[in-house]
Structure formats: C-alpha cells, structure tokens
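Subject: Structure handover

Hello,

Here is the structure we talked about. Please open it alongside these notes.

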Amino acid sequence: MNRTMTSVAALGLALIGSAAAAEKVKFEYWYGLSGDLGAVVLETCNRFNASQDQYEAVCVGQDSYDAAVQNTIAAFRAGQHPTLVQSFDAGTADLMLSGEFYPVQQMMKDFGIEIDWANYFPGIANYYAASTGELFSMPFNSSTPMYYYNVDQFAKAGITVAPDTWEEMETAFNALKASGSTCPMAYAPSTWIDLEQFSMVHNVPVATNDNGYAGLDTTLEFNNTIHVKHMENIKRWLDEGLLQLRTTQSGVPARDAFLSGECAIFFSSIADHATVGKLAAEGFNWEVAMIPHYADFPRTNTVVGGASNWVLSKKTEEEYRAAAAYLAFLATPESEEFWVSNTGYIPVTKTGYDALLAKGFYNEKPYKNRDLALKSLNFTPPTNLTRGIRLGGMIQIRSEWTNEIDAALAGQKTMKEALDTAAERGNAILARFAKTYEGKTFP
Amino acid sequence: MRRAYFTNNWVAALMVAPQLLIIFVFFYWPTSQAVYWAFTLEQPWGGGNTWVGFDNFRTVLSDPVYWGSVKVSVIFALASTALAMVMALILALFADRQLTGFKAYRIGMIWPYAVAAPAVGLAFRFVFNPNAGLFSYINTVIPDLWNPTLNGNQALLMVIIAGAWKLVSYNFIFFLAALQSIPRSLLEASAMDGARVLRRMRDVQLPLMAPTFFFILVINITDSFTDSFGIVDTLTNGGPARATDLMVYKIYADGFRGFDYSGAATQSIILMLLVIALTFVQFRYVERRVHYT
C-alpha cells in the first residue's frame, strides 16, 4: 500500500516536473573538456539556465575533444545530434567541407542578436572564419602554448631573464645542468607545440596553399624548414642530457616532473596555468614565458588552440533560437570573466581583456602573467602563414609525425629522414582527403 | 543415434528467429556496411561517398606500415597466447593438486578476468614505469636499460605480458575444469603403476586435456587479435614508432580518431578475413590431432 502511494506520488511529481520543463525550449550541448575544466563548462550551463526561464541548455560532457567529435558524427548520422558542439581544431576541416553547420555569424544575425564581431582578437577570429571573413563557429576556450619555468632553479643557475630565443634557451639548459639539475627540461614530443606553433612563431609554412587555407591540393612543407634543424637540436639536447623524455606513457608526464621540482622547464598550453597554480606546492616559484624562436627569425604570432562552439544543421528553429541565446550569454563580459578566472584560458574579446586589465586581474597571483599568452597570440598581425592550419586528416598527420619522431629519438633514423617520411606519408593522407571531398573547396 | 525433429517448420523458424534477428542486427548488417565503405571513400559527416573499387585495399596492402602492424599483431597474438596458456596450465596443475589453501587461491585466480582491459593497462603502466614503477629498480642497477617509451621491443614485451595476464585467469578456469573432469581412477591407477607426479601430468593429464587446449588456443588467438585495444590504448598508444600498433588499434586510430572511415573499414574487413582464415587453419590442421572422448 505504502509503496503504491509512494510510486503514485513519484509519478505525479515527475509529471509536474516535465510539465514545467516543457515550457522551456531545450537544446543539447556536447563538450569535450573533462575534469576540472569540464566542471566549469557545466557550471556555465547552470548559470545560463538560472539566468532566464525561456531556454534550457542540456549539457553533456563527452570526456575528450576526440570523443566529442566522434560521438557527434555518429549521432549526426543517426539524426540524434546536439544543436551545439564544442569541436577542436583537428575536427574543423571535415566539418567545414561537409557544410552541415549553421554559421554562427549568420545565425546571430537571423535571430537579431547584436554581436560586435570586430571585438574578437583577430588572431582568434581569423582561425574560425571563412575565406570571406565570416565567423563559422564561436570562439570559446582559447589557449596558446607557453613554457613554464622554475624561478628558483633559474636563479640558482644564474639565469636572470627568461630565454626568448632557442640560442638563449640552450645556454640556460647548460647553466641549469652546471648548477646540478639532472633535468633542465621535461620534453614530450608534441605536434601542436614543436611543429604547428613553432612554425607560426617563425613565420614558416607547415604546408603549401597557406597551410591549407587556399585549397585541398596541399602538400606538407615542414621537412624543408627551420623545423628540421630544431628537431635535430631536440635530439642532440636529449643525447646531452639537457632534456629528459617525460611522457604520459612513461608514467611521469612533463607537468608532474615539473611540479615535483625534478625538471626546471616544460612546455604546455596556457590552459595548464590554472592547474599548475592549483597543484604547485607551497613556496614553489614558477613563471611562464612565450615559446622561444631562433634568433635568425623575427618572432611572429602564435595561433589559437583549444576549441570553439559549432552549431550543427538539421535542427528546429526553436532549438537554434535557444542555442543563439546561449552563445550570446557566453559572449557577455561577465561570462567571459567567469570562464577566464575559473580556468587557465584567455579572454577572446578585446573588451573582455580590457575589463580584466582595468581590474588588475593579471598583476596578482594566481593569474599573474597569464596574459603573456595573449601577447604571444597578438605579437604580430596574422600573416598568411600564421593565420592557422587547415588540413584534412590532421589527426593522422599528427600521428605520422609523432611516430617518426619517436623513431628518430630512438636512433632508428636521422631526424631529416624521419621528417621526410612523415611528410611523404602525410601527403598521401592529404591526397586521400582531397579525393574524398573531390570538387569541394573550403567555404 | 536418435534425433528429434520438429514436424512443423514454422515453429522451428519462430524459435530461431530472435537469435537470427540479433545476429543480423548486430553482426551482418554492420559488417555489410563496413564492406560497402571499404569500396568507397566515405565522408564522415555523411555527405555522400564515391565508389573507388579495390583502391582502398590496394592502398592498405601496399603500405609498409600496415604490414608492420600485421607483423606486430601476429607476434602479439602468438606470444601472448603461448604465455597465457603455459602460465594458466602450470597454475591449474598446481591448483588441481589440492595443496594447502588451494580454495582461496582458486578464487583469487579467477578475479583478474573481471578486470577491464583499460584498467589492466593502467595497472601495468605503473608496474612498467621506467621512472617510478617497479621496473625502475632495473634502471637503478643498470641505468637506462629499461625504457619502453623509446625501445619498441620492450614496449611490445610489456603489451604482451599485460595481454597474457588478462587471459591467464580465463584459461585457468577451463584448464582446471578439464583437470577435474579427468577420472580420479585413472590417476590413481597410474600412481599404483609407480608414475610420479610429473609423469602422471605428462602421460595422463595433458593428453586428456587436448580438447580444452584446442578450444583455448582458438579463443586466445581470436581474442588477442580483436580484444587487445584497451591495453594498447592505455599502455602505449601504439608507440613508440608504431612498435605496438596492433591491427585493431590502428583501425580505431584511423577510423574514429582520424575520421578515415573507409580506410578503417577496409582494415576491418582484412582483419576479419585473417581471423576467419586462422580459425579455419586451426580447425583443419590442429583439430585432427585432438581426440574427443
């Protein structure tokens, strides 16, 4: 009897609940960030849902960028996809060519939402824009690589200024080693840092066609640029004990080796700034600096990493209206400040940045010097080569590079041979991609 | 031998229908999709595809990296199967001897089978960690001897050990069951004839276990080809320099991570044919030597 009553009551409550919810327009948002960062995304959703009573964002974490895009594709093919998805750079080429999205700039216009598009940093906006300059997706979590260094170990080695060039960096490595450090720098091969952002800083091409922006008949160029010399240096530094390999697979990732004080330097996204700050032991003195360049090449801007929010096609107008409201909510300075202060990411709009500067946000720990990332992104206006990279099969090309670098680091081949092979195999992937989308061009 | 027949074939059809339906939905239909994709270039977002005939197969089969992956998979399958069978057999033979504490031991042996592959990978990542794990002691004795992050052979060895460890408990259950189904009278009789423990194992127990050996061999080989994904994914990501890039992991990396659906479908078809062929060979040539009674 009691049980029946309870279930009747529960059913009634459920009905009331769903009736109340039915008044709101729901839309789904799938995101790839996980852990601490994922929790902040979810909190942002909750803030949106609490801020108004017309729309409800149903936010679903997918655990990783990879999975977010994979699952969205699978869902899209079955007609069960979300309205909004957070997609990373490597997923961009396929999505753009498929045309299965609603360009955000168009959508905001259609729903009469005013957004000052010129307010976005050009280095960030350009990356997500069509050739016409129209924004296809909404910049969201934006980062760029930096290097993190241990201030006390630098002082002990007599290094007073953080190295700006790789030449100075080598001197610093040697000074650190001479001062007793067994691991001046924790190194983990990363296409994003060692190849893509490295090429941006030096204004050298990764691939032809302005890094793929101008067409699909692209070939890779990185085996003929300063990148080769740099990777040869990396190998030499590893052999000389100036770098130590610290990868996730080896059980001690570079960041952990840095935090434990074993290694004095490591390279990572600025997004790690918050995590390092949180995990660093009391009294652990650390700083960030822009990634170095070779002295022969004047520094140019790095490009935005992270991910952006895409609106997918084949949804109802109601859902689009709700998604537009959500994106407009994200674009407010308050949301931007909430996002930036709770994660290591950087603001994407000029007003957002200025507001934070005016508050002295970047002068104090734990946010101190985090805006160096913005300086790196905006160091020069983007050139044709530093606008970004738009290659099909990017994940496979990255994996070819990683595998060949592994082989070269293990001494199975020279660095030049390895990069030649990686480029040759990458070219086959690009050709295959062009054939899959035969007759199409990037919009 | 007497056999029972259904006089009404419709009833029979109705009985097997659910089973057939499940097989169709979860096996034949996806397989046919994969076969179709293998002959086309499929756009991931479903924008259409182009028929390319055997082009995908030509691309895959002429790729030295793919053959490297096949080689690694075969080594992995043979080595982990051999290791898992030998280990499980030794453990089962001793569990069967009913030494002190064998019951607790028997239960303990079964547990690892319930551990998911990625968890196995994570556990072994700690064990084999060259900087902080148990194996780092090797490096304190001889510096830089153990480094699976750079040394491909060591990485493969690591994956084989983890893969075998996962199979051992499954094999153990079957071997123990086989040993226990051997009539005690046979063992007692041979003991009376003066055969000692090792002799009894070699001449009585092992030959009588032949059908189980065969079953385990087929299952283990198939399993190592198709179910090793989780271990590779957590332990090595296929590296270093593709040294542990098993076929099934490569399919995942190309298809799901790299959005090359057609290339991955082609590789799946080849893997499926390979497993079918291997199973066929085992039934055709190995099973002949097995006596069921």
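Two strands pair if DSSP finds at least two bridges between them. Helices (H or I, at least four residues) and strands (E, at least two) are DSSP runs, numbered from the N terminus. The model is predicted: local features need pLDDT of at least 70, side-chain atom pairs count only at pLDDT 80 or more, and totals for chains, interfaces and linings use all residues. Residues are numbered from 1 along each chain as its sequence is written, and chains are lettered from A and ligands numbered from 1 in the order in which they are written.

The open sheet. In chain A, five strands line up as β2-β1-β3-β10-β4, with mixed pairing. The edges are β2 (55–61) and β4 (138–143) of chain A; each has a single partner strand, so one side of each has no neighbour in the sheet. Neighbouring strands are turned by 20° against each other on average, direction ignored. Strand β1 (residues 25–31) of chain A runs parallel to β2(A), joined by seven bridges. There, A:W30 stands opposite A:V60 of β2(A). Helix α3(A) packs on this sheet and touches β1, β3 (84–88) and β10 (305–311) of chain A. Contact here means C-beta atoms, placed from the backbone, within 7 Å. The direction of α3(A) makes about 130° with that of β3(A). Axes are lines fitted to C-alpha atoms, for helices over the stretch in contact, and angles run from 0 to 180 degrees between N-to-C directions.

Strand β6. Five of the five residues of β6 (residues 183–187) of chain A are buried, so the strand is largely enclosed by the rest of the structure. Buried means 20 or more other C-beta atoms within 10 Å of a residue's own, with C-beta atoms placed from the backbone. Three bridges join β6(A) to β8(A), in parallel. Three bridges also join β6(A) to β7 (residues 243–245) of chain A, again parallel. A:M185 has A:I265 as its bridge partner in β8(A) and A:L243 in β7(A).

Helix α13. In α13 (residues 272–279) of chain A, the buried residues are A:D272, A:H273 and A:A274. Their cover includes α12 (254–259), β8 (263–269) and β9 (286–290) of chain A.

The chain contact. Chain A gives 29 residues and chain B gives 30. On the chain A side, the elements giving two or more residues are α3 (65–77), α4 (92–98), α18 (394–409) and α19 (415–436). The largest share, seven residues, comes from α18(A).

Best wishes

Conventions:
Two residues are in contact if their C-beta atoms, placed from the backbone, lie within 7 Å. A residue is buried if 20 or more other C-beta atoms lie within 10 Å of its own, exposed if 12 or fewer, and partly exposed in between; C-beta atoms are placed from the backbone.
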